[in-house]
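Please open the model in a viewer and keep the sequence at hand.

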Amino acid sequence: MNFKNKELVVEFLGFLFLVAQCLCMVEGEIHFYDFVLREKNFTKMCSTESMLVANGSLPGPVIQVHKGDTVYVNVHNEGCYGVTVHWHGVMQPRNSWFDGPEYITQCPIEPGSNFTYEIIFSNEEGTLWWHAHSDWTRASVHGAIIILPARGSTYPFPKPDEEEIIVLGNVNIFIYMVNRNMSIKSTNRCM
Ligand SMILES: [Cu+2]
């Protein structure tokens, strides 16, 4: 290959690099979240129990994105049990290692450690949810995922005047399991 041809190849590669950069820019925005999982006391139905929750709230924090965005969630496990987090309904094509079911796509995040999930929103639009995917932890470690239409597009229906997030959960199941002293205590590293 003579010098002129080499120059053309370098210019062409440079052009491809610029096109790739532009394509990356129009794919969507990147968001970062930190979920700190820690025990907290809650009183429900006349009973006070310590529950593992994310960022001190039940339900946990809301993830809000637009279609096509990517989210990085750093999960800090400051609880007593190994946990994972699943992004329910997010298809994650070619990204299944961040799907979250314990012992299927990953080992649990051990107490005192953290793990950063990459969640790629491809075709999803609407309201989904995220939840812990380890035994009973899903009862108290969960929250909503709001996926707005892609930037520059609109809802497939008239835009609502107001929107409210409703998360349905059953805390009684959690209290029942604690009271029955199920396997939860045998795996509790804090006891
Ligand atoms: Cu699920």
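A nonpolar core, as the term is used here, is a set of buried Ala, Val, Leu, Ile, Met, Phe, Trp, Tyr and Cys residues joined through C-beta atoms within 7 Å. The model on display is predicted.

Begin with the largest such core, which has 27 residues. Select Leu 37, Val 75, Ile 119 and Val 141, the members that touch the most other members. Next, colour the elements that give two or more residues to this core: strands E1 (30-44), E2 (47-54), E4 (70-77), E5 (85-88), E6 (114-120), E7 (126-132) and E8 (142-148). E2 gives the most, with 4 residues.

Now centre the view on Val 141. Leaving aside residues up to four places away in sequence, its contacts are Leu 37, Leu 52, Val 53, Ala 54, Gly 60, Val 83, His 131 and Ala 132.

Tyr 33 is found opposite Val 73 in E4.

Finally, select E8 with its partners. Strand E3 (residues 63-66) runs parallel to E8 and is joined to it by 4 bridges; Val 65 has Ile 147 in E8 as its bridge partner. E7 pairs with E8 in the antiparallel sense over 6 bridges, and here Leu 128 has Ile 145 in E8 as its bridge partner.

Conventions:
Residues numbered from 1 in each chain as written. Predicted model: local features only at pLDDT ≥ 70, side-chain atom pairs only at ≥ 80, totals over all residues. Buried ≥ 20, exposed ≤ 12 C-beta atoms within 10 Å, placed from the backbone. Contact = placed C-beta atoms within 7 Å. Pairing = 2+ DSSP bridges.
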